[in-house]
Every structure is written in C-alpha cells, then in structure tokens.
Amino acid sequence: MIRQISLEEILESYNDKAALSEASTIPAPWYVDPRIAELENLTVFSKTWQVIGRADQVSKAGQFVTATLAGEPIVAVRGTDGQLRAFYNVCRHHAAKVVTEPCGSASILHCPYHGWNYGLDGSLKGMPEFDGVKNFERQENGLVPIKVETWEVFVLVNLDPEAKRLEDFLAGLVQRCQPLGLGKLHFFERKVYDIACNWKVFVDNYLDGGYHVPHLHKALSSVLDYKQYTIEIEDRYCLQSSPMVTSDEHAATSNTRKGDRAWYFWQYPNFMINCYEGYMDTNLVLPLDVDHCRVIFDFYFSDVSESRREYNTQSIAVGDRVQDEDLGICEDVQRGLKSRAYGAGRLSVRREAGEQLFHQLLAGDLKAGIAHPVAAD
Ligand code: FES
Ligand SMILES: [Fe+2]
C-alpha cells in the first residue's frame, strides 16, 4: 500500500528560512494537493484583506456589490447613513443568497426565497408568515457582518473578525502607490480568464521579475528596458518596475504602453496593479479548485470618454495578447508540476526575489494555520 504523505510533511518540505541564493520554490505538492487548497481557504483567503469591488460601485446610499470569497457569498452595501458595510450574503432563514445581482442599487435587501427583508445596515426588517414562532429574536437575525474598508479605488473585505486594519495589512504599499494617483483613473472594462492551473502558478509567473518576458512576450519586451528592470520587496508587496523605451516594430504595444516607467505591484496574496501612463489594470487571482483559477482583469484609463474608446479598446487587446501567452505557459506548468520528474525548482537571484517573498509569506500563514487549526463555527 502507498502511504499518503501528511499535510505536515508537505509543509515541512519547504524551507522558508533559506537565503535567496540557497532557496527553492515551494514543492510541487503545494500546487496539486487538495488539502493545501483547503488550508489556503481557511488560513490565507479567510484571513487576508481581499478586493471584492470598486469604490465607485458603492459610492451612493443603497449601492451594493457582491462577490464570492473563499467559497463564501459576500455583499458590501452603502447605508443611508453613508456608512459602507459588508455581510455574508446568506439569509438567516434557510441560507439562500439574499442579493443575487453582481452590483446595483436597492432600498432594502430582499431574499428571493421566502421574502425576508433586511435593511441596508443588515438588520432583519420583516419575515412574511412568521407569526406564532417562539423564541425568535428579530434583532439577533440580521445578516452577519464582516470587516470592510476602501483603499484608492478598491473595496476590500476581511473574513477574520480579529484582522488588523487594512492600512496595517497593506503597510508600505499605501505610500508607494500614492504618487501614481490611482484615484484619478476610471474603470473601463472587465475581462475574466479561467485557467487550468493552481492560482499560485499564475502568481509565480507574475513575480519572476521579468525573467520570462523576453522569451514569452516579444512585443511587451520591445518596450521595456529589460536590463534596468528592478525588483523591490517589502512587507507583503513586491514592486517590479522598468524604464520604458519605444518600439517601431511593435507599434500597437508602443502606442498603448507609454510613460517613463512601467509599474507592476503585487500585494500578498493574490492582487496585482499594473500601471503605465494614463493606464492601470488590476489582476485578482481567485482559486476555483486546486487545478483551476479565475483571474479577473479590470482595466482603467485616465480618459474614458467616447472619443478614446477605440484607443482604450486597442490597449486592452495588447493586454489580452500578453495574457494569452501567460495562460498557455501556466497550464503547461500545472501539468509539469504533476510529473514524477519534478519536485521543486531553484530561483534566480537576479530575478526571482518576489517569488521567494510570496512563498515565504504563504508558508508562514499555512504553518500558523495548521498549528492553530481554525474551528468551524
Ligand atoms: S432563505 Fe431567505 S427567506 Fe427563506
Ligand atoms: Fe507574463
């Protein structure tokens, strides 16, 4: 009989204390074992601040945005008192999803199943045909609240009631992003990619310090000064940045990727912000199961007027091509990670410090999670 390797053994097989020059990636089972995916849901996605929407979607009273986070349905809604709140989007009656639209506006949150009504502050307002029910306190059956805060143009929630404030979680990233004036950009379009790879494969690919760019992305590579590419790691973020050059050969890329520098921010565990002059796209990487993830790209521009529509659309097409190139390689890597020929890989000291930071932060969370298992309540 084959003995199944334990979760503890899988976690122990990664050394998060090694210097970069001695370090390896997290081992292959971390990308393919469903027990790791489950532990990540409990200790990473249920305990870190997660982007669930944009501030402009909930700027007015009654506006709401919904999302699924670590398998949990979530709704954030602006109250008539101007306060932004978030809740588990789960009816206290028989667990139906209360708000079923992705975003919108409402004066009351109305459960579609048996018609229970909740106020914008989550309080239970009314239950049809509930007379005669004993020992039921309406005040104690409001939607269950969760932490919510905004930063720049983003709405973030945290499922952990003990979580520290968003500002403390983001730490240095807040100041580092400030000069870019992200708040001046306007949302234009969303694209969603489902990829047959573990979510960490996509993040690793992002964090390889441009290592793959000259090989995989010829057009993008032509506008970046690859030799000058810098990698900064701090707190829970990594900033990769490169001076820009112009390219005659790849005009579409050159026309839509402008400015002095390209800025690529990653915030642990799964959020990226990519900026060029007058342009930003964000990438939110959500695990679907151990072998699949969904990456949500939101595109923002400084000018979203009708006259710029064609330019903005062309700019997104350039991003799409890069994304296609990444997608293929990520799916290949996922297959390779299952091969008996592969265990773990070494890291480039020049390029892959961001990847090591990611693996170290993840290992810290998973090891702490298994030492103090989260009680299901
Ligand atoms: S589940 Fe919501 S009213 Fe019954
Ligand atoms: Fe890439």
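Visitor: Are Trp 199 and Phe 358 buried or exposed?
Guide: This is a predicted model, in which local features need pLDDT of at least 70 and side-chain atom pairs pLDDT 80 or more, while totals for chains, interfaces and linings use all residues. Residues are numbered from 1 along each chain as written, chains are lettered from A and ligands numbered from 1 in written order, and side-chain values use heavy atoms, without hydrogens or water. Burial is judged by relative accessible area (under 20% is buried, over 50% exposed, in between partly exposed; 1.4 Å probe, protein chains only). By that rule, both Trp 199 and Phe 358 are buried.

Visitor: How many aromatic pairs does a search of the whole structure find?
Guide: Rings of Phe, Tyr and Trp (its six-membered ring) pair if their centres lie within 6.5 Å, with planes under 30 degrees apart called stacked, over 60 edge-to-face and the rest tilted. When the whole structure is searched in this way, the number of aromatic pairs is 17.

Visitor: Why is the pair of Trp 116 and Phe 130 edge-to-face?
Guide: The ring centres of Trp 116 and Phe 130 are 5.1 Å apart, and the pair is edge-to-face because the planes stand at 80°.

The two residues sit in separate loops, Trp 116 between strands E6 (109-110) and E7 (117-118) and Phe 130 between strands E8 (124-126) and E9 (145-151), so the pair ties together parts that are 14 residues apart in sequence. Trp 116 is also buried, with a relative accessible area of 2%, and the angle asked about is 80°.

Visitor: How many residues apart are Trp 199 and Phe 358?
Guide: Trp 199 and Phe 358 form an edge-to-face pair, 5.6 Å centre to centre with 65° between the planes. Their helices (DSSP runs of H or I, at least four residues, as strands are E runs of at least two, numbered from the N terminus) are H6 (residues 199-206) for Trp 199 and H11 (residues 353-371) for Phe 358, distant parts of the chain, and the residues are apart by 159.
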